[in-house]
Amino acid sequence: MKTISPRQLNDLIQKGDKSPLLDVRTPAEHAEMHVPGVTLVPLDQLNAASLCADGGMDKAKPVYFLCRSGGRATQAAQKLEKDGFADCVVVEGGTQAWADAGLPLNRGAAMMSLERQVRLCIGIVVLVSALLAMYVNGSFVWLCAFMGCALIITALADWCGMALLLARMPWNQRGADAGKKTCCS
């Protein structure tokens, strides 16, 4: 997988590179903070056919991917590579690294990141199931075990179904149209 640092990409943009830069985070994450000129295409809505038809993208030219820290951007790049895109490039460290480098950002209202939402949900399920196991029925301990196994599988597969589910929740769709651009605009 090709990568590029935020500073290198910013230098290319400053020199007039018009290659598409896709933000594959949720609309709410995008509304909170995003790189100027980025196109919002949430990972769960990423589709090579629509990017070529609606966005006018050329599969032979570079496409840059951003998310919060790099994980979803890597998944997006791998998906488009399978669909025939020849030059998919992940921005190292994502939007967070871009911000840490002091590069230009558009900022909105703060929100809880998708990663933190997943950790919060898992923590609540484990705590509640442990309390239920202690005070109601010992069988609830199996829910704790299930969550532990799910975390292991998620780490090994680098894929999180709960994150995909949470990304579709209404609070993560806030700002879906704010600042949304197409490749052609």
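1. Cysteine 52 counts as partly exposed because its relative accessibility is 26%; buried means under 20% relative accessible area, exposed over 50%, and partly exposed in between, with a 1.4 Å probe and protein chains only. Cysteine 160 is in no disulfide, and the nearest cysteine sulfur, that of cysteine 121, is 9.7 Å away. A disulfide is taken as a pair of cysteine sulfur atoms within 2.5 Å, and by this rule the count is zero.

2. The model is a predicted one, in which local features need pLDDT of at least 70 and side-chain atom pairs count only at pLDDT 80 or more, while totals for chains, interfaces and linings use all residues. Residues are numbered from 1 along each chain as its sequence is written, and side-chain values use heavy atoms, with hydrogens and water left out.

3. The chain has 185 residues, of which 36% are buried. Its C-alpha trace spans about 65 × 35 × 30 Å along the principal axes. The secondary structure comprises eight helices and seven strands; helices (H or I, at least four residues) and strands (E, at least two) are DSSP runs, numbered from the N terminus.

4. Five strands form an open sheet with parallel pairing, in the order S1-S6-S5-S2-S4. Strand S1 (2-4) and strand S4 (39-40) are the edge strands, each pairing on one side only. Two strands are said to pair if DSSP finds at least two bridges between them. S1 and S6 are joined in the parallel sense by three bridges, and threonine 3 stands opposite valine 90 in S6.

5. Strand S2 (residues 21-23) runs parallel to S5 and is joined to it by three bridges; aspartate 23 has leucine 66 in S5 as its bridge partner.

6. S5 also pairs with strand S6 (residues 88-91), in the parallel sense and over three bridges. Phenylalanine 65 has valine 90 in S6 as its bridge partner. From S5 the chain passes through helix H4 (residues 71-82) to S6, a right-handed β-α-β crossover; right-handed here means that, with the strands pointing away from the viewer, the path from the first strand over the helix to the second runs clockwise.

7. Valine 89 belongs to strand S6. This valine 89 counts as buried because its relative accessibility is 7%. Valine 89 and valine 63 are 26 residues apart in sequence, and their C-alpha atoms are 6.1 Å apart in space.

8. What is the phi of aspartate 158? The angle is positive, about 55°, although aspartate 158 is not a glycine. Aspartate 158 lies in the loop between helix H7 (141-157) and helix H8 (161-167).

9. One cavity of 30 Å³ or more is present. A cavity is a set of points, on a 1 Å grid over the protein atoms alone, where a 1.4 Å probe fits but cannot get out; lining residues have an atom within 4 Å of a point. The volume of the largest cavity is about 40 Å³, a volume being the space filled by probe spheres set on the points. Arg25, Glu29, Glu32, Met33, Arg68 and Ser113 form its lining.

Technical notes: 1 Å grid on protein atoms, 1.4 Å probe; cavity = no way out; pocket = protein on both sides within 12 Å on 5 of 7 lines; lining within 4 Å.
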